[in-house]
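Here is a briefing on one protein model. Please keep the structure open while reading; the points are grouped by topic.

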Amino acid sequence: MILFKKANSLHQWVDAQQRKGQKVGFVPTMGALHLGHISLIESSRKDNDITISSIFVNPTQFNDPKDFEKYPVTIEKDILQLEQAGCDVLFLPSVEEIYPNGTTPKQHYDLQEMEILLEGKFRSGHYQGVCQVLHRLLKIVQPDNLYLGQKDYQQCMVISRLVELMGINDKTNINICPTLRETDGLAMSSRNMRLSEAERVKAVLIFQSLSYIKDNLVAGETDTIKNKAIAMLSDEGFRVDYIEIADAKTLQTVSNWDGKKKLVALAAAFLNEVRLIDNLLLN
C-alpha cells in the first residue's frame, strides 16, 4: 500500500494512473475503522483497478468541540486493516494539507432543505463542514467511483448534492453500500468504541425501534408508530434527538403515508455522552 501525505503528490500520481486507463475507486474515512469501512474497500476493489482510502478527522464538521476531541484515533490499527483488505493507496493528510488557507469556509453549499432537516437541524453547520472536506478530497483524488455507507444516509444525500454542485456527476459515480451490523443488529460505527459494556448492550434498542416501525408500518397516519418507537428509547434512558419517518428521496417527514411512496426511518439519540444514528429503508 502506498502512503501519501501531500495532496499534490497524490493528485499527480492518480492523474498518471488514469492516463493509463486505470479506474479509481475512493473510500473517504475519518479512521477508527471497522468492518463497515472494510466492506467499502472490498466493494471498490471489485469495481476498480485502484482503490484509494483517506483518513482525516475533519474538524469543520464537528459542531461540538468535545465530540471532536473524543473522536477515537486508531491509526496504526487502521493502516493494518487497510493493508490486509488490499487497499492500494492511503491518503493521510494534515489539517494544513486539507485546509492550506485555514478552516474558515470559503463558500456556502446550497443543500436546500437538507440544511434544516433532521441532522441538518440538530447539528447546525455539520453538513457545510462535510461538503468543505469532501469538495477538497474529490478535487485531489478525482475518482471514477466514490463509496459511501448507507448508515450515514443523510450524509450520502448531501454528498450526492455536492457532486451535483461540483458538476462532476458524469465523472464520479456514487455507490451507496448497505449498512453492516453486529450480530444483534447494532449498526457498526466508530462511535461504538466509546460505549461502556452496559451501554453497548442497550445501544441495540435504536435498531430495534427502527425495526418496530418497519414491521408495523401500514398506510395511513404515521405519528402513532413513530411515537411508540421514540418511547422505546426514551423509556430506557436515551435522549432522543429524533426518530422520523421520511420520504427516502427528499427527507421530508411523512405524517400520512399513501402506501406507495418510498420511505426511510431515521434515528439519532444520545446514550449518556455518545450520540448514535441509524436508519432503515421501510419499503
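H126 is buried, with a relative accessible area of 5%. This residue lies in helix α7, which covers residues 126-141. Beyond its neighbours within four places in sequence, H126 is in contact with Q61 and Q155. These values come from a predicted model.

**A contrasting residue: N256**

- N256 counts as exposed, at 57% relative accessibility. The cut-off for that class is over 50%.
- N256 is placed in strand β9, residues 256-257.
- Its contacts, leaving aside neighbours within four places in sequence, are with G220, E221 and T222.
- N256 and S43 are 213 residues apart along the chain. Their C-alpha atoms are separated by 37 Å.

**Overall build**

- The protein has 11 helices and 11 strands.
- The radius of gyration is 19 Å, close to the 19 Å that the globule rule gives for 283 residues, so the protein is as compact as a globular protein of that length.
- Taken along the principal axes, the C-alpha atoms fill a box of roughly 55 × 40 × 40 Å.
- Of the 283 residues, 52% are buried.
- Take the contacts between residues at least 6 apart in sequence: 73% of them join residues at least 24 apart.

**The parallel sheet**

- Six strands make up an open sheet, in the order β1-β4-β3-β2-β5-β6. The pairing is parallel.
- Strand β2 (residues 24-29) runs parallel to strand β5 (residues 145-149), and two bridges join them.
- G25 has N145 as its bridge partner in β5.
- Helix α4 (residues 75-85) packs on the sheet. This helix touches β3 (50-55) and β4 (89-91), and its direction makes about 170° with that of β3.

- Is strand β10 enclosed or open? Nine of the nine residues of β10 (residues 263-271) are buried, so the strand is largely enclosed by the rest of the structure.
- L263, A265, A267, A269 and L271 point one way from β10. V264, L266, A268 and F270 point the other way. Residues on both sides are all buried.
- Strands pair through backbone hydrogen bonds, either parallel or antiparallel.
- Strand β8 (residues 239-247) pairs with β10 in the antiparallel sense, over eight bridges. I243 stands opposite A267 in β10.
- Strand β11 (residues 274-281) also runs antiparallel to β10, joined by eight bridges. Here F270 stands opposite R275 in β11.
- β10 and β11 form a hairpin with two residues between them. In the turn, N272 has a positive phi of about 55°.
- F270 has a charged residue over its ring: R239 lies over the face, at 4.1 Å from the ring centre.

**Aromatic pairs**

- How many aromatic pairs are there? The count comes to five.
- F4 and W13 form a tilted pair, 5.8 Å centre to centre and with 50° between the planes.
- F4 is buried, with a relative accessible area of 11%. W13 is partly exposed, with a relative accessible area of 23%.
- The rings of F62 and F68 have centres 5.2 Å apart and planes at 55°, so this pair is tilted.
- F62 counts as buried, at 10% relative accessibility. F68 is partly exposed, with a relative accessible area of 33%.

Key
Residues are numbered from 1 along each chain as its sequence is written. This is a predicted model: local features need pLDDT of at least 70, side-chain atom pairs count only at pLDDT 80 or more; totals for chains, interfaces and linings use all residues. Side-chain values use heavy atoms; hydrogens and water are left out. Two strands pair if DSSP finds at least two bridges between them. Helices (H or I, at least four residues) and strands (E, at least two) are DSSP runs, numbered from the N terminus. Contact means heavy atoms within 4.5 Å. Axes are lines fitted to C-alpha atoms, for helices over the stretch in contact, and angles run from 0 to 180 degrees between N-to-C directions. Rings of Phe, Tyr and Trp (its six-membered ring) pair if their centres lie within 6.5 Å; planes under 30 degrees apart count as stacked, over 60 as edge-to-face and the rest as tilted. Buried means under 20% relative accessible area, exposed over 50%, partly exposed in between (1.4 Å probe, protein chains only). A charge sits over a ring if NZ of Lys or CZ of Arg is within 6 Å of the ring centre and within 35 degrees of the ring normal. The radius of gyration is taken over C-alpha atoms; the globule rule is 2.2 Å times the number of residues to the power 0.38.
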